[in-house]
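Try each task before you read its solution.

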There are 2 protein chains.
Amino acid sequence: MENNNIELLIPELRPEVGLRLQKITTLMDEAGMDAMLLASNANVFYMAGRFFRGYIYMEKSGKMVYFLIRPNCFNVNGKDVVEIRKPEMIPAELTRLGFAAPAAFGLELDTLSYSEVQRLGKLYPDATICNASDVMRKARMTKTPYEIRLMREDGEHQMAAYSRITGLYKRDMTDVELQVEIERVLRLEGNLGFLRTSGNLMEINLGSVISGDNADAPSPYDFAMGGAGVSPALPCGACGDILKPGQTVMVDMNGCFNGWQTDMTRVWTIGEVDQLARDAHECSRRILRELEKIAVPGVEVRELYDRAHAIVEEEGLEQYFMGHRQQAAFIGHGVGIELNEAPPITPRNRVRLEADMTLAIEPKFVIPGVGAVGVENTYVVTPGGLQNLTPFPEELTDLL
Amino acid sequence: MENNNIELLIPELRPEVGLRLQKITTLMDEAGMDAMLLASNANVFYMAGRFFRGYIYMEKSGKMVYFLIRPNCFNVNGKDVVEIRKPEMIPAELTRLGFAAPAAFGLELDTLSYSEVQRLGKLYPDATICNASDVMRKARMTKTPYEIRLMREDGEHQMAAYSRITGLYKRDMTDVELQVEIERVLRLEGNLGFLRTSGNLMEINLGSVISGDNADAPSPYDFAMGGAGVSPALPCGACGDILKPGQTVMVDMNGCFNGWQTDMTRVWTIGEVDQLARDAHECSRRILRELEKIAVPGVEVRELYDRAHAIVEEEGLEQYFMGHRQQAAFIGHGVGIELNEAPPITPRNRVRLEADMTLAIEPKFVIPGVGAVGVENTYVVTPGGLQNLTPFPEELTDLL
């Protein structure tokens with residue numbers, strides 16, 4: 001049982017962390033930052049391959065120290081691991097290791113609480129505080145081959161779980177009951193049952209199953225679709241209504257199996273549904289086929305939105321696009337360790353696509369009285385266009 | 001489908017929010033705060049009975065305004081509801097409504113990100129910024145009769161789900177497989193499938209099922225017990241090991257059904273287990289019986305810890321108490337909208353118990369090679385001692 005003297009980084013991760021560090025230090029240099037201290041869960045996991053209680057100090061030079069708060073519960077060590085009782089011990093340890101005090105010191109201002117930034121800012125009271133969140137958001141926007149492999153594995157598990165959805169339906173089931181059975185097959189497939197998101201507008205359980213009128217119920221959160229939920233404590237997603245013939249059932253459930261995530265939506269039908277819903281679903285697929293071709297490195301993100309919107313206009317479906325009572329000017333987002341990473345795919349985002357970005361693209365429609373339709377896939381940007389990490393049949397599938 | 005002109009607060013909540021506001025304004029006065037602006041999800045839900053996208057402004061006088069960010073997705077209104085596009089519009093709206101600018105302005109410094117506090121702080125650049133997190137933490141520490149009723153309902157649902165656990169076990173099942181079946185019965189019982197916690201050291205899926213050696217695997221999070229988890233991305237809880245005869249199975253799964261939560265742990269056995277584990281389990285129950293008597297208003301929280309520890313010493317079980325390889329100096333915590341509320345029950349906490357505090361008390365033991373034992377109940381503090389919101393059989397129950 002005792003695991004003394006194991007390395008913090010598993011050997012496989014040494015070169016991997018090197019690649020990530022290279023991206024980060026380049027961005028730190030551009031941002032005029034001398035060093036930064038990471039403390040947020042997602043970034044600690046990103047730079048260590050595991051979540052631990054502590055901090056990661058990185059210098060623009062590429063030198064890095066892992067500070068583990070005692071008790072060092074993993075019993076890990078390594079040449080770049082230092083145990084501390086509290087963050088106030090960090091500057092003395094860094095001096096001992098030959099580091100100079102930073103003049104421009106980065107902290108994750110968009111993620112850490114005000115109180116925590118105040119505390120960590122005092123480590124270098126003479127330094128200018130910079131925003132490490134920006135740097136990390138940009139660095140994590142493109143993925144390494146190792147990360148893409150993990151996301152591809154996620155996609156395979158998510159598809160395996162989705163392939164069992166048709167068999168889970170029973171007549172007169174509620175949306176919540178169907179969701180619970182989907183959660184079960186996801187979890188048995190290895191889903192961690194936990195969804196890492198960024199910001200406070202992304203509260204949800206393991207995902208969204210919306211159907212009928214509930215697809216048109218607006219939600220205060222930042223998800224593509226709404227749904228009333230079953231409680232004012234968590235107003236999104238399935239609402240407890242019985243699934244009825246003539247409705248669509250949109251399934252947008254979590255794809256986190258190894259710490260990275262894929263995001264994937266498919267739609268089932270309860271018997272025959274209105275032709276408008278079928279047409280809108282095909283329009284979503286047409287948009288994806290088009291974006292798969294045009295989304296190459298160098299293209300501005302907003303061009304993806306514009307092209308999608310042009311197709312929607314051509315088909316006269318604007319009033320149903322990305323919601324009906326409440327519409328979102330958005331068709332997708334970056335995805336990785338967190339469900340909502342950069343870049344968001346919005347009409348004004350001039351960020352340019354880069355190779356190895358991973359994007360969840362979800363052109364969806366809400367058809368009143370029927371439900372939501374559309375497809376979401378997670379893609380990798382390549383010079384030849386988008387590569388699909390969730391290649392699962394996209395057609396509407398009947399549950400009856 | 002159109003819900004125009006509904007009130008933000010359901011009528012039942014009007015007097016309820018009044019009670020909560022009274023506690024808050026008293027604490028604001030003590031803290032020398034003129035007004036505060038709440039923006040965190042838990043506190044918005046607490047003061048509105050629903051989560052919405054926006055802010056709540058409260059003056060020491062008890063005057064309050066709900067600021068809803070457009071689109072006002074719930075179509076709600078009311079005399080104290082104002083729609084805005086962005087928080088920068090708040091000061092002008094407040095002036096229009098006759099409010100004076102605050103000299104001491106509270107923001108949730110422990111919850112909101114540094115960037116968000118910076119933005120909101122600029123609303124009143126001449127004001128002194130105070131910490132609204134402290135005030136809200138204290139106000140929420142005691143519960144109103146309405147909240148206690150909701151927590152009692154949570155407890156009933158959680159107990160109903162736990163009563164089905166024995167029937168879920170199948171021979172050679174893994175801990176994860178058992179947890180997934182428990183998640184399913186919890187969800188079908190109405191569990192929201194979402195766990196609101198405070199701080200960044202509380203990541204978990206729907207709870208913890210630990211058994212055998214895995215109970216002794218330390219975790220970097222702030223939960224009472226550890227467990228390796230199945231991924232370095234989420235190192236806590238069930239690890240995927242097959243449940244074996246001679247082991248205990250500790251079940252500490254989520255009890256959130258209506259936005260409030262109960263926290264409850266029970267232990268099952270796989271056939272005969274070591275007498276030491278049985279003794280330690282009875283010691284936990286003895287501690288709870290004792291604390292149920294002595295925990296009355298006025299008692300310092302640390303006295304609960306000390307009394308528990310004295311009983312553990314008397315029985316010679318110190319080396320197994322609250323962990324074995326890694327021990328926590330802690331036996332419980334406040335619970336409510338968030339799983340980990342104030343006060344933590346630690347050796348040094350001199351906070352005095354008050355009537356209507358709700359506490360999860362969890363004296364637990366880790367027995368190497370066997371697993372974890374002990375009971376956790378959620379209680380309300382009353383002048384006559386603790387009232388149990390989770391009165392479910394506490395004996396070890398055999399799964400074989």
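**Exercise 1. Two packed helices**

At what angle do helix α8 and helix α9 of chain B pack, and how far apart are their axes?

*Solution.* A word on the ground rules comes first. The model is predicted, so to speak of a local feature calls for pLDDT of at least 70 and side-chain atom pairs count only at pLDDT 80 or more, while totals for chains, interfaces and linings use all residues. Residues are numbered from 1 along each chain as its sequence is written, and chains are lettered from A and ligands numbered from 1 in the order in which they are written.

Step 1: find the helices. α8(B) covers residues 275–294 and α9(B) covers residues 301–314. Helices (H or I, at least four residues) and strands (E, at least two) are DSSP runs, numbered from the N terminus.

Step 2: read the geometry. The angle is about 145 degrees, and the axes lie 10 Å apart. Axes are lines fitted to C-alpha atoms, for helices over the stretch in contact, and angles run from 0 to 180 degrees between N-to-C directions.

Step 3: The crossing of α8(B) and α9(B) is right-handed; a crossing is left-handed if the near helix is turned anticlockwise from the far one by less than a right angle, and right-handed if clockwise.

Step 4: list the residues that meet. From α8(B) come B:C283, B:R286, B:I287, B:E290, B:L291 and B:I294, and from α9(B) come B:L304, B:R307, B:A308, B:I311 and B:V312. Contact means C-beta atoms, placed from the backbone, within 7 Å.

Step 5: sort them by class. The contact of α8(B) with α9(B) has eight nonpolar, no polar and three charged residues. Here Ala, Val, Leu, Ile, Met, Phe, Trp, Tyr, Cys and Pro count as nonpolar, Asp, Glu, Lys and Arg as charged, and the others, Gly among them, as polar.

**Exercise 2. A strand and its partners**

Which residues of strand β15 of chain B lie on each side, and are they buried or exposed?

*Solution.* Step 1: recall the pattern. In a regular strand the side chains alternate between the two faces of the sheet.

Step 1: apply it. In β15(B), residues 358–361, B:T358 and B:A360 are on one side and B:L359 and B:I361 on the other, and all are buried. A residue is buried if 20 or more other C-beta atoms lie within 10 Å of its own, exposed if 12 or fewer, and partly exposed in between, with C-beta atoms placed from the backbone.

Step 2: look for neighbours. Strand β13 of chain B (residues 332–334) runs antiparallel to β15(B), joined by three bridges, and B:G334 stands opposite B:L359. Strand β18 of chain B (residues 377–382) is also antiparallel to β15(B), with four bridges; there B:N377 is the bridge partner of B:I361. Strands pair if DSSP finds at least two bridges between them.

**Exercise 3. Backbone exceptions**

Where in chain B do B:D172 and B:M322 sit, and what is the phi of each?

*Solution.* Step 1: know the background. Most residues other than glycine have a negative phi, and most peptide bonds are trans.

Step 1: take B:D172. This residue is in the loop between α6 (145–162) and α7 of chain B, with a positive phi near 65 degrees. B:D172 counts as exposed because it has 8 C-beta neighbours inside 10 Å.

Step 2: take B:M322. Its loop lies between α9 and β13 of chain B, and its phi is positive too, near 55 degrees. B:M322 has 23 C-beta neighbours inside 10 Å, so it counts as buried.

Step 3: The bond from B:A342 to B:P343 is cis, with omega near -5 degrees, and B:P343 is found in strand β14 (residues 341–345) of chain B.

**Exercise 4. How the chains meet**

How many residues does each chain bring to the contact?

*Solution.* Step 1: count. Chain B brings 48 residues and chain A brings 47 residues.

Step 1: find the helices on the chain B side. α2 (41–48), α4 (114–121) and α7 (175–188) each supply at least two residues, and α7(B) gives the most, with six residues.

Step 2: sort by class. The chain B side divides into 24 nonpolar, 14 polar and 10 charged residues.

Step 3: relate the copies. A rotation of 180 degrees with 0.0 Å of shift along its axis superposes chain B on chain A, with RMSD 0.0 Å. The two copies are therefore related as by a two-fold rotation axis. Copies are superposed by least squares on the C-alpha atoms of residues with pLDDT of at least 70 in both.

Definitions and conventions
Two residues are in contact if their C-beta atoms, placed from the backbone, lie within 7 Å.
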